[in-house]
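Here are some notes to go with your first look at this one. Take the points in order, with the structure open beside you.

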Amino acid sequence: MLSIALQVVTYLLSDVRSNDMPAERVIITMTALGLPVIINSLVLAAFRRHDSPIISAVVVYGALFCAMVTVISATRMQISYGALASCAAIGTFFACAANYRFHLLTGEKIRIMPFEGAEQIAEQIPGSQILTPEELESSPTEINFDVLLIDDHSYKTAEWAEFISRMHVLGIDIVNCESFLERVSGSVRVQKFEFSQVAYSPSQLLYARVKRYLDLTFVILFSPLLITISVLAGAYIYARDPGPILFVQIRRGYGNHPFRMYKFRTMFQGTAGGSTVAGDPRIIPGCRILRKLRIDEIPQCFNILKGDMSLIGPRPSAEYLAKKLIKMEPKYAYRCVVPPGITGWAQVNSGHIHNLDDEMIKLSQDLYYIKRFSIDLDLVILVKTIKTVLFGSGAK
């Protein structure tokens, strides 16, 4: 309803002829702008669990909106295509945001098959219950849950296979418990993760190829702004503490190859090393704002141009730390099967790390990103990064 209201108001304000628009044209315009929103909601509501809620919303809503414009144009009614373009942007934004939130809803009634470890799974999913013997024998009219979570082994018996088949026919979603947990938590259980689970679809492989060009386009497009901010930041750092304005560190990169990563130096010379804390006296006065707004990360755009990094990906670890963590957990090396990024899924969810336990949490989130790699997930990370920058969460 908000999407429809904003589109109608935008159209009436944008169309210079709207002051003389007769009542019937206003009604037709409101109907034309509202129908794509309503039909889009009905269509997307039929696809609850899928991996591309944002792209699917763009495609479905875009097709419906174009069809609406075609129909109106065929009636020869005077319309403002500029106003319609503004309405399309509003409608697409709301369609993507609403479908993404709908995709994340966890209000379903969930039952878990009684396999070994089901109790631990139930503790991690609010509102879920282990399937009772009475429910096993219940008739179709008595079924009152929406999702049945299964594990990898116990359902393969004849008894369970028959029961699962009945549930599927009744419209119950049959979901692997690990996949469901990943979707709810935004992370994978490291001990359960196997690299064989990383099987990219053709669309993911295509995006992996295109992403490099998107990174370059972003850096080139915003280079005037980035260069201006960099000159001002560099001049300020040098004025407060004369010396090198860049901090260079060897980081673990794509394919587990080391590379030189650049940042603006925000600490006094000779004081770098170790994690920062709130109120850290080593930080140059005035440079906290650079860290809060992530301006100190701008030099990494040069790493993007060189091909060392991407805009979005697992945050690269210092080389010495990566060696230490791989000895502790060999799966840590899998973080480098995609290019490292200036921002990433673990970065926007966990923020600043303090110890090795935090590193393992971030590893579970980075592996989730690698496993679910998609343009949808990158768009979500981009939005979360903007929120992080605006509110300064995670910066020290």
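**Notes on the structure**

1. Let's start with helix α15, where D358, E359, K362, L363, S364, Q365, D366, L367, Y368, Y369, I370 and K371 are buried. Keep in mind throughout that this is a predicted model. With 12 of its 16 residues buried, α15 is largely enclosed by the rest of the structure. What do the buried residues of α15 pack against? The partners are α8, α9, β7 (310–312), α13, α14 (345–350) and α16 (375–391).

2. Staying with α15 for a moment: the helix runs over residues 356–371. From its first C-alpha to its last it reaches 22 Å, close to the 22 Å expected at 1.5 Å a residue. One of its buried residues, Y369, also belongs to an aromatic cluster, together with Y200, Y207 and F373.

3. Now step back to the chain. It has 396 residues, and 44% of them count as buried. You'll find 16 helices and eight strands in it. The C-alpha trace spans about 70 × 70 × 35 Å along its principal axes. Take the contacts between residues at least 6 apart in sequence: 73% of these join residues at least 24 apart.

4. On to aromatic pairs. Counting ring centres within 6.5 Å as a pair, the total is 11 aromatic pairs. Take Y61 and F65: their ring centres are 5.8 Å apart and their planes sit at 40°, so this pair is tilted. Both residues are in helix α3 (residues 53–74), and because they are four residues apart there, about one helical turn separates them. In general, an α-helix has 3.6 residues a turn, so residues three or four places apart point the same way.

5. F195 is in the loop between α8 (177–185) and α9 (202–221), while Y334 is in the loop between α13 (319–328) and β8 (341–343), so the pair ties together parts 139 residues apart in sequence. F195 counts as partly exposed, with 34% relative accessibility. Y334 counts as partly exposed as well, with 29%.

6. Next, have a look at where α9 meets helix α10 (residues 223–240). The two axes come within 5 Å and cross at roughly 60°, which makes α9 oblique to α10. Which residues make the contact? From α9 they are V219, I220 and L221, and from α10 they are S223, P224 and L226.

7. Last point: N144. Where does N144 sit? Look in the loop between α6 (133–136) and β3 (147–150). N144 is partly exposed, with a relative accessible area of 41%. Setting aside neighbours within four places in sequence, its contacts are K109, R111 and E135. As for K109, this residue is 35 residues away from N144 in sequence, and the two are 7.5 Å apart in space, C-alpha to C-alpha.

Notes:
Residues numbered from 1 in each chain as written. Predicted model: local features only at pLDDT ≥ 70, side-chain atom pairs only at ≥ 80, totals over all residues. Heavy atoms only, no water. Phe/Tyr/Trp six-rings, centres within 6.5 Å; stacked < 30°, edge-to-face > 60°. Helix = DSSP H or I, 4+ residues; strand = E, 2+ residues; numbered from the N terminus. Buried < 20%, exposed > 50% of the residue type's maximum accessible area, 1.4 Å probe, protein only. Axes fitted to C-alpha atoms, helices over the stretch in contact; angles between N-to-C directions. Parallel < 35°, antiparallel > 145°, perpendicular 65-115°, else oblique. Contact = heavy atoms within 4.5 Å. Expected span 1.5 Å × (residues − 1).
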